[in-house]
Amino acid sequence: MVAIHSSNETLTAGERTSGKTFYIETFGCQMNAHDSEKVAGTLLHSGYRQVDTPEAAGLVVYNTCSIRDKAEQKVFHRLDHFKRAAGKGKVFAVIGCVAQQEGERIFEKAPHVSLVAGSASYTRLPEMLAQLEAGARRVTGLDLDNGEAFDTPFTRRDNPHRAYITIIEGCDKSCAYCVVPFTRGPERSRTSESVLREAETLAGAGYTEIQLLGQNVNSYRDPSPAGWDFATLLDRVGRIPGIRRVRFTTSHPRDFVKGIVEAIDANPALCNHVHLPVQSGSSRVLARMQRLYTRDEYMRRIDWMKSARRNISITTDIIVGFPGETEQDFQATLDLLGEVEYDSLFAFKYSPRPNTSALTMEDKVPEEEKTRRIMILLEKQRAIQIRRNSELIGTIEETMVESRNEALNQWIGRTSQNRTLNFTHSGSAEALIGKYLPVMVTRAGPNSLVGESTMSVV
Ligand code: 5AD
Ligand code: SF4
């Protein structure tokens, strides 16, 4: 018997997924971007087809971020926008950090959502999809500690040359401002064997750059008897034949040991770039943030990198306007910028987050004052970057070609230090994209370099 529906609104969730098309939009960090590659792979393996617009999809997946309030609001704007479209036969899934943080409250805020799942539950994704397809109206995956990392052979990678590998999930720190321990749960490291196997498979498939991911990669600890630390794993990944570049993100200064700098010095495949978030240049603020290091201890790590044989590029994250941050504390941060001379940084205005210990702290900094501080900070950093980048004029940088800007007749590449280098070269797209070229730097701006290459592909 064939059921006849007078309107799409009477379709069950299961019937609505029967078209088996999905659209996925990702917010937030690199971990989230890579989780989406795994989720997309899982969906493809379950018989779904990926489409380019939410309008064309039966299943619309939002992989969400809640690091700051603005990021969190984005998913609710999207859901609001599609409130009525839901009645036209779409199933909505909210996954990632907002899903974990808000849980079933999402169903109250957006009743047209059918699936809510945090990253620690992605191993159950095929089972949750099957429930949806069987007609379940609401499916949740909100366990925070499953003791394992989400590992799937079906990852659908966005970039054909650079591949991401998660080595550790979750975070055991408790920074006073940060929601991540609540959204991604406690730390779970993958075995070194499974990481190496994945990296070798990727090298075999033609990937030349690997980026190791984790909320705090430095606290990686191999759960197998080998018991490798992060520096050992990093070095071993960099020794896989075919792998020309290895990057890692993100680091926590407390767990950043000298062995990591020694590994970079000894192994040219490890990129000479370290992202080491400091958050504040004031030890008083660092203590209030529960960062577990002082300014002096942070500077010791900077000294290790500055005295390395390789020219290691250093970048950071800064929060301005943390509760209790005085003008003097802020000046200490500006002073740190001058002392370290970062090659780039991300600056954020403090945003109060649910469950975090800073939420109830006194001495909030007014919004206008946060804005004033971030503007001053960014201006100071801009001058530093102009100076640092112009020091590279005349040098030759090995550049991995990523794309082409037809309008400017330029290739867009990236140096080992993770700088963008736009350059001219007579080669064709098939010949150049994904290749490594020596490029002479001829000009420098605050955020990128310009150069010329006459050399052939290496
Ligand atoms: N407010 C503002 N910035 C934050 N970050 C993390 N939590 C917050 C918050 N509550 C910043 C930190 C971190 C980066 C990923 O985001 O600088 O390193
Ligand atoms: Fe956003 Fe942090 Fe979650 Fe990444 S881990 S998506 S930055 S809240």
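## A buried pair: Glu169 and Lys38

Glu169 and Lys38 are both buried, where buried means under 20% relative accessible area, exposed over 50%, and partly exposed in between (1.4 Å probe, protein chains only). Glu169 forms a salt bridge with Lys38, with the closest N and O atoms 4.0 Å apart; a salt bridge is a side-chain nitrogen of Lys or Arg within 4 Å of a carboxyl oxygen of Asp or Glu. This pair links distant parts of the chain, since Glu169 lies in strand S8 (residues 168-169) and Lys38 in helix H2 (residues 30-45), 131 residues apart. Helices (H or I, at least four residues) and strands (E, at least two) are DSSP runs, numbered from the N terminus.

## Basis of the model

This is a predicted model, in which local features need pLDDT of at least 70 and side-chain atom pairs count only at pLDDT 80 or more, while totals for chains, interfaces and linings use all residues. Residues are numbered from 1 along each chain as its sequence is written, chains are lettered from A and ligands numbered from 1 in the order in which they are written, and side-chain values use heavy atoms, with hydrogens and water left out.

## Other salt bridges

The structure holds 37 salt bridges. In one of them, the side chains of Arg157 and Glu198 meet at 2.5 Å, N to O. Arg157 sits in the loop between strand S6 (139-141) and strand S7 (162-166), and Glu198 in helix H9 (residues 192-204), so that this pair too links distant parts of the chain, 41 residues apart. Arg157 counts as buried because its relative accessible area is 16%, and Glu198 counts as buried at 15%. Salt bridges that share partners also join Arg162, Glu209, Arg247, Glu402 and Arg414 into one network.

Lys83 and Asp80 form a salt bridge at 3.4 Å, N to O. Lys83 is partly exposed, at 44% relative accessibility, and Asp80 is partly exposed, at 47%.

## Helix H11

Helix H11 spans residues 258-266, and its buried residues are Ile260, Val261, Ala263, Ile264 and Asp265. Among the elements covering them are helix H10 (230-237), strand S11 (245-249), strand S12 (273-275) and helix H13 (295-306), contact meaning heavy atoms within 4.5 Å.

## Shell of ligand 2

Ligand 2 is surrounded by Cys29, Asn32, Thr64, Cys65, Ser66, Ile67, Cys97, Val180, Arg184 and Gln215, a residue being near if one of its heavy atoms lies within 4 Å. The shell divides into five nonpolar, four polar and one charged residue. Ala, Val, Leu, Ile, Met, Phe, Trp, Tyr, Cys and Pro count as nonpolar, Asp, Glu, Lys and Arg as charged, and the others, Gly among them, as polar.
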